[in-house]
Each structure stands twice: as C-alpha cells, then as structure tokens.
There are 2 protein chains.
Amino acid sequence: MTNVFVIGLGLIGGSFALDIREACEEVQVYGLDNNEDHIRQALELGLIHRKATADDLEKADIVIVAVPVNASLGLLPEVLDRVPDDAVVCDAGSTKLQVCEALASHPKRRNFLAAHPIAGTEFSGPSAALKGLYRDKVNIICEVEKTAFKLQEKALRLFSGIGMRIRYMDPAAHDRHIAYVSHLSHVSSFMLGKTVIEKEKNERDIFDMAGSGFESTVRLAKSSPAMWAPIFEQNKANVMETLDEYIANLQHFRALMEQGDFEGIYEEMENTNRIKEILKGISVPAPRRDA
Amino acid sequence: MTNVFVIGLGLIGGSFALDIREACEEVQVYGLDNNEDHIRQALELGLIHRKATADDLEKADIVIVAVPVNASLGLLPEVLDRVPDDAVVCDAGSTKLQVCEALASHPKRRNFLAAHPIAGTEFSGPSAALKGLYRDKVNIICEVEKTAFKLQEKALRLFSGIGMRIRYMDPAAHDRHIAYVSHLSHVSSFMLGKTVIEKEKNERDIFDMAGSGFESTVRLAKSSPAMWAPIFEQNKANVMETLDEYIANLQHFRALMEQGDFEGIYEEMENTNRIKEILKGISVPAPRRDA
C-alpha cells in the first residue's frame, strides 16, 4: 500500500488527490488542511480516503504540499522533518527560487522535489478540484539533481501515472519565464477587471454589452488573492520587469493611436497574430469534473 | 419568399446567413463579398443559397452589412440607394457613432437600422461562421426612432427568430461603454501577446510553460487586424481614455509591488474578485459548428 499525503485540499491539492485515487492501485490518500471545513468537503467529495494529522506523516511514502507559496516556506521544513527517509515531498508552487533557497541546507533536502504543475482554473477550494486536471499537462521540476534518484523515480511514476509530462528547469529560469506566461496574465486580468468595474458602476450595462472576449481576458481576475499575493511577493523582481515591458507596449500603442497612425496599429496586431501558432500547442480540451 | 442579403461573408455575416437559413421559412439568403474565394467558401459551407451582385439588391427585403467599420461607411449609403423602399438595411459594426452620423442625412435613413450584435470569436472568414452564434446574445440597436417602424419590426422579427435579445442605446453611450467591455480587452490582449513574444524568442519555452490562463488572456490577440484597426480608429477618444485608466491601474499595482505593500496587492485583487458576480450573467455555452 502506498500512502500519499496531500497537504492543502484546494483546487491543486484536491485535484491531485482525486487523480491519484483513480490512477494508482493500492493507494491510500490522506488529507491535511488547516481548514476543517475543507477536510469535511474533501471527504464528502471523495477526494481523499481519510483525514490525517501531522503525526501520521511518519508513515508517508509521498507528500504533496499544495498551499500558498508563503505558507509552504514554513511548512515544508516541518514536513521534511517528520517523513521517513524513503519518502518524497513535492511542492506545487508557482514560484521556485525562494523555496529552493529556503530548503537548500535542510538535512533532508534529498527528500524534497521542487515541482510546479502547469494546471489550474480561476476557482479555489476543494469543490474546485477537477478529475483529469493534470492529464497532458506539464509538471516543471527544478533542481532535480538535488533529489535522491530513487525518490525522483517514485515521484515521477506518480506524475506520469496521472498523465503529466515532465520538464526540467533551474529555479531562476523558471521564475523568469513564468512571470511572462502566467503571472503577468494575472496582473493584466485583475487590472482590466478593476478598470471596467470602476467605470461601469451600473453593472447591468457590463452584463449586457460584454461578450465572450471580455469574459476571456478578465477570467483570471476571479483568482484567489490568498494564493496570488504571495506569488507576486516571491517573484517581485521578475513580475515588475514584465509589467514595465507590458506598460511600455501599451503606452506605445496609445501613442500610435494619438498620432492617428492606424497603419502602425494594424502592424502591431498583425505581428502579434503569430501567437496563434504558439497557442496551438497549448490548447487542450478543458477538464471536466465528470470526465 | 423573403430575400435576405448578407454583404461580407466572414464570421459575423456568415453566422447570420447560417442561422437565418435555418430559422426562417421561405427565405433565400444571398451573399456578396469582394473576395471571390469567400463567396465560393460560403456556397460550399452552405452559408448562403446563392451569390448575388449589387444589382440584385433591388429585390432585397433585409440586408445585413457585416464588413469592417471603415468599409461600411462607404458601402452603406450605396446599399441604401439600391434597395426598395420596404427593405431594411442593418449594419453589425462594433462602433456606432460614426456610422449614425454618416447616414444622418441620407434620404433613406429610415431604411437603416444601426445594430451591434455582441457575439463573435477571435477567428475570421467564412470558415469561422458558427451555427447558433447569436442564440441568447444581445443585439444593441442605436437610434431606433430613426428607422421606419415597420422596418424595425421586420428586422427585430429576424433577430428574435435566431434567438437574440434586443437592447436600445444611443450611439455615443454605446461607443463609450463598448470601449471598456470589448475594445480595451483587445488592446490588453494584443499587448500581452506582444510582450511575451518579444521576450520569449524561444517559443518552445512558452509552449511548455503556458497554461490555460495565458491562453485565455491572450486569446483575442488572434483577432483580425483588418477588422480591429478601423474600430480603434473610429473609437479613438474612448479607447484612449480606457487605456489611460488601465495603464494608471497597472502603474498603481506596480507601485504597490515596489513598496512591498502586498496587503495592498491583496486588497486590489479582492476588490476585483467581484467580477465573478458580473460575469455570471455573461457566461453562456460556447457555440459549436455542429451544435
């Protein structure tokens, strides 16, 4: 019997629990969460087999820590202290440099695998967990050489078992790239939502005039502040750099408009249209709870 | 037999043609397009019954003009000149003030209905036409009082026949609101795409690290420059105003980050989360070609 512990039973942790229960034979999935209501929901929704306490970690084979990135900095060393020598502890945070630095000299560093599953939705909590969320998604592993080889294997078997592809990257490069393809999107979406809400006090007008395009660009503004404020804090320098470039591009677009240079505007858009080709590789069918 | 003419057989015109063929009895749908290849495709895809020429407009009952908003300024007066007195000519443009002004003193102003169907996707051309695109969507009608009452009725019967809801608005208010809930989303998405493409020359990295969140915020950057450059030109003042507010909000967010005020960042996001409630009303199932 493999004992998998999931700490943090939100969208990310809950979806891991659900798929691991399904995909693995002879597995017991234990859940821990500071929020008792989340544990109750996770049991009701069938995400986990049973509730656990920190003391139970001594029988863990695999632990997945899926809490906000500020909380995981304090939690991961404690978890590592408690697990047996042949257990692997994975995180799932959207920033990788700080967590790798924080654990660099931990006596059980070789039991830790720094991971970032590129998957999620704008929703949160156990009820947001989705079956198949990780199928065909990438899990980015950082500093793989610092994890004991047998424990790498153990974790990767689990991730492939639920359909994930693996990529390796160093933590600084991860944080720099992810600022562009994820964190900046969240800032742009939140500020777009803010701009429209501020202006359109009469929500009825937004409701009737907004189409699927607005919905798409503003979707991430539904995301959890408790998850995202710590991400922005940990990836401050990179996110500020992406923001500077984004703001400069918006100002350039505005300047072209002001000058009446709509051929320039046309070219800006045409050059950016090649995002089509790039996105072709990303698009996968949306996961469904009942899939 | 009702003769419906669709001028411009792209996503918008083609989808109108498709639904009108389906929903209306005793209807002939004629298609016109400057691009001969679009006409060929529209016939092959079954969007229209037959190809027409400008001379055929003398037998029109209803004309839908779905061309870029700069082209429609020149085209609509010519179409109005050619149609019989009991025909109604509707446009479908995303800007309404300039077209209403351009036609204000046309001798057949009472044959024109200024309309903006809030529907679409980021794709274009006849092959982008979707069955059911307009079901449950809003069609915004401007200056309805300037259209002959019987012709209003004729057009609205058609629009309700394909499942649309109608809202009335004056053209200046339309252009001001739509800048916030549609045009700004397109600028933000195009500039987001540009920022990421510029930085990530190695497309493989974007491909692997970008998730559905990025895809969602950048989706509109696939949109047609030929459609959008004229929209930005016609709605220049309003779009620049929204851009100024958006840039100011991004700069404020950046300032909070620089000051390390992540409680402030948290609050910004929490306040914007109420976009959830607003979006609840917008979300409708995506239309499918084979629906």
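Buried area, to start us off, is the accessible area, taken with a 1.4 Å probe, that two parts lose on being put together, summed over both. For chain B and chain A that comes to about 9200 Å², with carbon and sulfur atoms giving 68% of it.

Quick housekeeping: this is a predicted model, where local features need pLDDT of at least 70 and side-chain atom pairs count only at pLDDT 80 or more, while totals for chains, interfaces and linings use all residues. Residues are numbered from 1 along each chain as its sequence is written, chains are lettered from A in the order in which they are written, and side-chain values use heavy atoms, with hydrogens and water left out.

Okay, the interface. Contact means heavy atoms within 4.5 Å, and 91 residues from chain B meet 91 residues from chain A. We get eight salt bridges between the two chains, each a side-chain nitrogen of Lys or Arg within 4 Å of a carboxyl oxygen of Asp or Glu. One of them joins B:K199 to A:E245, with the closest N and O atoms 3.8 Å apart. On chain B's side, helix 6 (residues 171-199) gives the most, 20 residues. Helices here are DSSP runs of H or I, at least four residues, and strands are runs of E, at least two, numbered from the N terminus.

Now look at helix 1 of chain B. Ten of its 13 residues are buried, so the rest of the structure largely encloses it; buried means under 20% relative accessible area (1.4 Å probe, protein chains only). Among them are B:L11, B:F16 and B:I20. The buried residues of this helix pack against strand 1 (2-7), strand 2 (27-32), strand 4 (62-65), strand 6 (112-117) and helix 5 (149-161) of chain B.

Technical notes
Buried < 20%, exposed > 50% of the residue type's maximum accessible area, 1.4 Å probe, protein only.
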